[in-house]
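Biologist: I am new to this model. Please take me through its features one at a time, with the general idea before each case.

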Amino acid sequence: QVQLVESGGGLVQAGGSLRLSCAPSGRTNNDYAMGWFRQAPGKEREFVATITWNGGNTFYTDYVKGRFSISRGNAKNSVYLQLNSLKPEDTAVYYCAAKTVSLSDRNYYTDLKQYDFWGQGTQVTVSS
């Protein structure tokens with residue numbers, strides 16, 4: 001089991017920035033592809049960004065490309081999401097997720113059903 005804890009959310013004005021963090025605990029010796037998803041009120045949870053286990057490749061949904069950046073931290077399987085040029089429509093609960101992978105895995109994972117572990121989420125609110 002892996003427990004994921006997100007932090008860094010908050011209230012920010014449109015055009016502002018936030019940095020979300022995801023810290024794993026538990027069985028962190030395995031290798032995981034990591035992803036960020038978000039869920040706005042009344043909407044389904046949607047993919048935002050993902051990064052391969054070694055940090056070598058990243059993939060973003062179109063509406064955050066050029067504004068958000070996913071990266072790995074120094075701690076094994078920790079991950080960050082830098083949110084820049086925020087818009088009111090970015091308001092949502094942001095979730096960190098982990099998918100167990102092998103060392104040869106270089107795939108992107110954008111479907112929430114593909115992930116094994118989830119955090120509790122951190123609220124991001126962007127005011128206009």
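Predicted model: local features only at pLDDT ≥ 70, side-chain atom pairs only at ≥ 80, totals over all residues.

Biologist: Which residues does the disulfide join?

Modeller: A disulfide is a covalent bond between the sulfur atoms of two cysteines. Here a disulfide is called when two cysteine sulfur atoms lie within 2.5 Å. The structure holds one; Cys22 is joined to Cys96, with 2.0 Å from S to S. The angle about the S-S bond is -75°, and the link is left-handed. Cys22 lies in strand E3 (residues 18-26) and Cys96 in strand E9 (residues 92-101), 74 residues apart, so distant parts of the chain are linked. Strands (E, at least two residues) are DSSP runs, numbered from the N terminus.

Biologist: Are Cys22 and Cys96 buried or exposed?

Modeller: Both are buried. Buried means under 20% relative accessible area, exposed over 50%, and partly exposed in between, with a 1.4 Å probe and protein chains only.

Biologist: Which residues touch the most other members of the largest nonpolar core?

Modeller: In soluble globular proteins, nonpolar side chains tend to be buried together. A nonpolar core is a set of buried Ala, Val, Leu, Ile, Met, Phe, Trp, Tyr and Cys residues joined through side-chain atoms within 4.5 Å. The largest one has 28 residues, and Met34, Trp36, Leu81 and Tyr94 touch the most other members. E9 gives the largest share, four residues. A second, separate core has seven residues, including Phe37 and Tyr109.

Biologist: In what order do the four strands of the open sheet stand?

Modeller: Strands of a sheet pair through backbone hydrogen bonds, either parallel or antiparallel. Two strands count as paired if DSSP finds at least two bridges between them. The order is E1-E3-E8-E7, with antiparallel pairing. E1 and E7 are at the edges with a single partner strand each, so one side of each has no neighbour in the sheet. Between E3 and E8 there are five bridges, and Arg19 stands opposite Gln82 in E8.

Biologist: Which residues does Ser127 touch?

Modeller: Contact means heavy atoms within 4.5 Å. Leaving out residues up to four places away in sequence, Ser127 touches Leu11, Val12, Gln13 and Ala14. Ser127 is in strand E11 (residues 122-127) and counts as partly exposed because its relative accessibility is 26%.

How values were computed. Residues numbered from 1 in each chain as written. Heavy atoms only, no water.
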